[in-house]
Amino acid sequence: MSESNDNPAMANPDAVPRWYLIQCKGGESFRAAEHLDNQGYEIFHPVLQVQKKRRGKLCWLDEPLFPYYLFIRLDRLDSNWRPIRSTRGVLKLVGFGDEPLPVEDELISTLQDSAGQQPEAHTANVYFRAGETVEISDGPFRALQAVFESQKGEERAIVLLNLLHGQQRLEMPIGHLRRQ
């Protein structure tokens, strides 16, 4: 007498949802993620918060951890794979030949755990580092080189500038600095 198997995954491994990698068109991973999510797909698009200069001011932006990729969870039997390739921002499912290759669940779990452990935004300046040479791009010291010492608040920076036969500590708007 044969045992009854109540677990469909044991009966057919294709019924088990797996993670797959999608390659996105250049700079369109956020668009692809939004459109796939709107279609009801389970996606994972890991992002980092980075500090960048925009219009002379530092601001925090979300950037993809993998700029041209995102992950999608599908099973081989019930998921509708057809609309994925024609979704805005999607280039293709990554695979070998015509066969999409699944990504290990452990990798996705590790990435998801890491995404939850990001430091609180706005707690540290990641654009300039202490000791880094910067150029002053505005103000009376424009075009001079200085050494970035620290950030003072969200908008101000302390730099060391070689003036009058020695290093002088100056406070200035952080938006007046740029990398060398």
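Is arginine 156 buried, partly exposed or exposed, and what is its relative accessible area? I looked this up to open my notebook: arginine 156 is partly exposed, with a relative accessible area of 31%. For my own reference, buried means under 20% relative accessible area, exposed means over 50%, and partly exposed is in between (1.4 Å probe, protein chains only).

**Ground rules.** I am reading a predicted model, where local features need pLDDT of at least 70, side-chain atom pairs count only at pLDDT 80 or more, and totals for chains, interfaces and linings use all residues. Residues are numbered from 1 along each chain as its sequence is written, and side-chain values use heavy atoms, with hydrogens and water left out.

**Salt bridges.** I found 5 salt bridges in the structure; the term stands for a side-chain nitrogen of Lys or Arg within 4 Å of a carboxyl oxygen of Asp or Glu. One of them joins arginine 156 to glutamate 171, at 3.2 Å from N to O. Arginine 156 sits in strand S12 (residues 156–163) and glutamate 171 in strand S13 (residues 166–173), so this pair ties together parts 15 residues apart in sequence. Here helices (H or I, at least four residues) and strands (E, at least two) are DSSP runs, numbered from the N terminus. I noted glutamate 171 as partly exposed too, at 37%.

Next I checked glutamate 135 and arginine 178, whose closest N and O atoms are 3.0 Å apart in a salt bridge. Glutamate 135 belongs to strand S10 (residues 133–136) and arginine 178 to strand S14 (residues 177–179), so the pair links parts that are 43 residues apart in sequence. Arginine 178 is partly exposed, with a relative accessible area of 41%.

I then followed strand S3 (residues 47–54), which runs antiparallel to strand S4 (residues 57–64) and is joined to it by 8 bridges. Two strands pair if DSSP finds at least two bridges between them. Glutamine 49 has aspartate 62 as its bridge partner in S4. This hairpin has 2 residues between the strands, and arginine 55 takes a positive phi near 55° there.

**The lining of a pocket.** Which elements each supply at least two residues of the lining of the largest pocket? I wrote down helix H3 (82–85), strand S6 (90–93) and strand S8 (99–100). A pocket is an open set of points on a 1 Å grid over the protein atoms alone, where a 1.4 Å probe fits, with protein on both sides within 12 Å along at least five of seven lines; lining residues have an atom within 4 Å of a point. Among the lining residues I spotted Trp81, Arg82 and Asp98.
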